[in-house]
Amino acid sequence: MIPEIGHFALIVALCMALVQGTLPLVGAARGIPRWMALARPVAQGQFVFVVISYACLTYAFIHSDFSVLYVAEHSNSALPLIYRIAGVWGGHEGSLLLWILMLSIWMLAVTVFSRHLPEEMVARVLGVMGLVSVGFLCFIIFTSDPFQRLLPAAPDGQDLNPLLQDPGLAIHPPMLYMGYVGFSVAFAFAIAALLGGKLDATWARWSRPWTTVAWMFLTCGIALGSWWSYYVLGWGGWWFWDPVENASFMPWLVGTALIHSLAVTEKRGSFKSWTVLLAIFAFSLSLLGTFLVRSGVLTSVHSFASDPKRGLFILIFLVIVVGSSLMLYAWRAPKVGLGGSFAMVSRESLLLANNVLFTTAAATVLLGTLAPLFVDALVAVGVLGPTNKISVGAPYFNLVFVPIMFFAVFLMAVGPIAKWKKANVPEMAARLKWGGVTSVVIAVIMPFLLGHWSWLVSLGILMAFWIIFAVAQGMWERLQRTRSDRSWLGRLAGLPKSFLGMQLAHLGVAVFILGVTVIGGYEVGKDVRMNIGDTVEVGGYTFRFDGVMSVPGPNYQASRGIIKVFKDGVPLEELHPEKRVYRVQRQPMTNAAIDSGLFRHLFVALGEPVGNGSWSVRVYYKPLVSWIWLGCVMMALGGLLAISDRRYRTLARKQRELLKSGADLDVPPTTPKPALTRAEAKP
Amino acid sequence: MMRFLIPLVVFVVLVGFLWKGLALDPSEVPTPLLNKPAPAFKLQELQNASQTLSPANLRGKVWLLNVWASWCVSCREEHPVLLRYSRSGEVPIYGLNYKDTRDDALRWLQQFGNPYVANGFDTDGQVGIDYGVYGVPETYVIDRQGVIRHKHIGPITDAVWQDEIMPIVRKLKG
């Protein structure tokens, strides 16, 4: 009965989405207030029914209802409770339901936090999101019903893929989807602005916080995914350029460009059509990612369920959504004004360069990800001969991606200290002079101190310190201009949050680069055959192998190694790497044991038993590896700081007052009020 | 006006490829080498650089050539399957270690186990190009006369092994 309620709730949600995707849009076009007013309650109703449906599937998982096909395929009675809850998104159908849940959460958020927006805008934004929702609800109901019954019921389930039975994975997909789907809000704002024909600074200001929040979630989601692959997939790699990873990375790259482009549109009114295009791209890439992961056109370790028939559905959906958006863009964008002019070297031009670099980076990732597909298709239609095969893997991505990012990082330090409209190059050079010289000196010397010198390490350190010094310079200059009668801490707290957020996020990039560089250059790893009592020394630590014991898990049997770590003869830690065999799927899994610290990880994994109680053991010393994820966290926190900026709240309040007083909002100012940007507009 | 149409045009082209790609099953693309002699090569063995691996020396037996790399995530997925079936001894699996470094590859085998009789170390990918490798993992079934009889693209699963590869191997073994 419960699964049927879940299915029925989905159908009700679809009906509501249909209303939401039509009436408010027509109402906004024809000026019918009652139709526009429908948008909010219908979106909220849809949220309620999607939650009901999701709860029903979760219920079926928790109670191990194996008469539901999806549950039988992805759960097992021995599966621990947490993975029964997380198992809901362990396969295609459930992931899709999670996607829809996220979309309805975002719609609910729009209904709640949009009181300061004109009715027309709200109706259009929710209308566009409603249409997206219609597409996904149709997809799940007609091709991927998670509530399909299995009669007679299976005696037990086939268990969740062991790779997914991990706490990291319990939170990774929700975070990632929250980010993915979050770009639908920026997309809906862009389409709403195109529909309304009013593309201006106000629109940018409204959609900016939404974009930042989505970007934060995506950043955290990708970082969690990377962390997961670090300790579950294998021997400590943190990024594999796998098609599914790329699918989440492309929207992130474009989303990063979008955040920066929105800043220019808001402050200076420039790049309007470009910003709209980026908003369309960011969401299109999210949809494309879904297509790639779910259609099976590319094979990947992550594509746990793929089906060409579903691929066709998503492709058609993609064509409708992206095709119509781009047509609308081609129709409306030419009428958009150019906004404020700017000189060859100015903050605008630097941000434009940043946008171009990030978009190029996304394009190269797209090209690399789809290369096998392109070649196949060209061979199939006879354009290319069958011998023209190419291969694309990590080597390609590292080769094209790193140089692009090098330029982006260089500009990242220059951009924030450049003036709007027209920057003075000699003056900027003077301000960055010491930071530049010092970072070159550090980049030359530091590799020697760390062990041995290499070009790649030196370059990475140069990039990181270049950013660090530029951030320090920017902070210092800002602090000097604040009132000097307060303490330094008070002055720091007095700086605009959006400025602090930007600096923190940029600092996060530096931390990330340091992590990547140092782990790439100074990781030490040993493969050793160890018998009980044997020791091995790696990175100044001594590891003693104290044998392996057999430990039963809830749904697996584990061989648990006992390894004691000593530093200078002093016992430090006992590590327990495991080799697990999951009972149902008979798949062996390597669970590494990690002693994590801020400056280094000690990573131990069990290999194979090699007889007489001996095992092959892998021991790693990984310096600064945690900085990779620390950097991501700092980027996300930077976003959080930026959206907590006071001007968003004052802005919302003013807009509400304006709305209440019945003022005509149809002609919002094209340039922001000086009071709101005082802090940013100063050199 | 025209420049605003560019994104749409690019998208249409992209959709063309996706549409075509959907019609093709990536694991069923026929190889031009099907039923042709396997391209000859002579490669250093991965685990023993003084030895070489060459298809010429494998004449007279039915064997699998599995293309893999330590940087390939999907290889990790198929690895337990290969390991399990390599123990059955039904058909010898030879590896082509593709665009990899020796350290990484050896570490990989030690970490995840070694299903291969021997591995050719194709560090610059030349042999891979001769075989038309464009995504790892790929697996070739080669018969007693050294002719490629089947090619599987993408990771080998239990189903692929039992329903696709073994029937061909059994037929070839006669």
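This is a predicted model: local features need pLDDT of at least 70, side-chain atom pairs count only at pLDDT 80 or more; totals for chains, interfaces and linings use all residues.
Staying with chain A for a moment, I would like to point to one residue, Leu38(A), which sits in the loop between α2 (33-36) and α3 (39-62) of that chain. Is Leu38(A) buried or exposed? Leu38(A) counts as buried because 20 other C-beta atoms lie within 10 Å, and the cut-off for calling a residue buried is 20 or more. Leaving aside neighbours within four places in sequence, Leu38(A) is in contact with Val19(A), Leu23(A) and Pro24(A). By way of another distance, the C-alpha atoms of Leu38(A) and Val213(A), which are 175 residues apart along the chain, are separated by 26 Å.

Now to chain B, and to its sheet. Five strands of chain B form an open sheet, in the order β5-β4-β3-β6-β7, with mixed pairing. At the edges we find β5 (119-122) and β7 (148-153) of chain B, each of which pairs on one side only, and from one strand to the next the twist averages 20°. Helix α5 of chain B, residues 158-173, packs on this sheet and touches β6 (138-142) and β7 of chain B, its direction making about 170° with that of β7(B).

Let us walk across the sheet by way of Asn66(B). Strand β3 (residues 63-68) of chain B runs parallel to β4 (residues 93-98) of chain B, and five bridges join the two; here Asn66(B) stands opposite Gly95(B) in β4(B). Five bridges also join β3(B) to β6(B), but these two run antiparallel, and Asn66(B) stands opposite Thr139(B) in β6(B).

That brings us to β6(B) itself, which is mostly covered, five of its five residues being buried. Glu138(B), Tyr140(B) and Ile142(B) point one way from the strand, while Thr139(B) and Val141(B) point the other way. Moving on, β6(B) and β7(B) run antiparallel and are joined by five bridges, with Ile148(B) in β7(B) as the bridge partner of Ile142(B). These two strands form a hairpin with five residues between them, and Gly146(B), in the turn, has a positive phi of about 80°.

Note on methods
Residues are numbered from 1 along each chain as its sequence is written. Chains are lettered from A and ligands numbered from 1 in the order in which they are written. Two strands pair if DSSP finds at least two bridges between them. Helices (H or I, at least four residues) and strands (E, at least two) are DSSP runs, numbered from the N terminus. Axes are lines fitted to C-alpha atoms, for helices over the stretch in contact, and angles run from 0 to 180 degrees between N-to-C directions. Two residues are in contact if their C-beta atoms, placed from the backbone, lie within 7 Å. A residue is buried if 20 or more other C-beta atoms lie within 10 Å of its own, exposed if 12 or fewer, and partly exposed in between; C-beta atoms are placed from the backbone.
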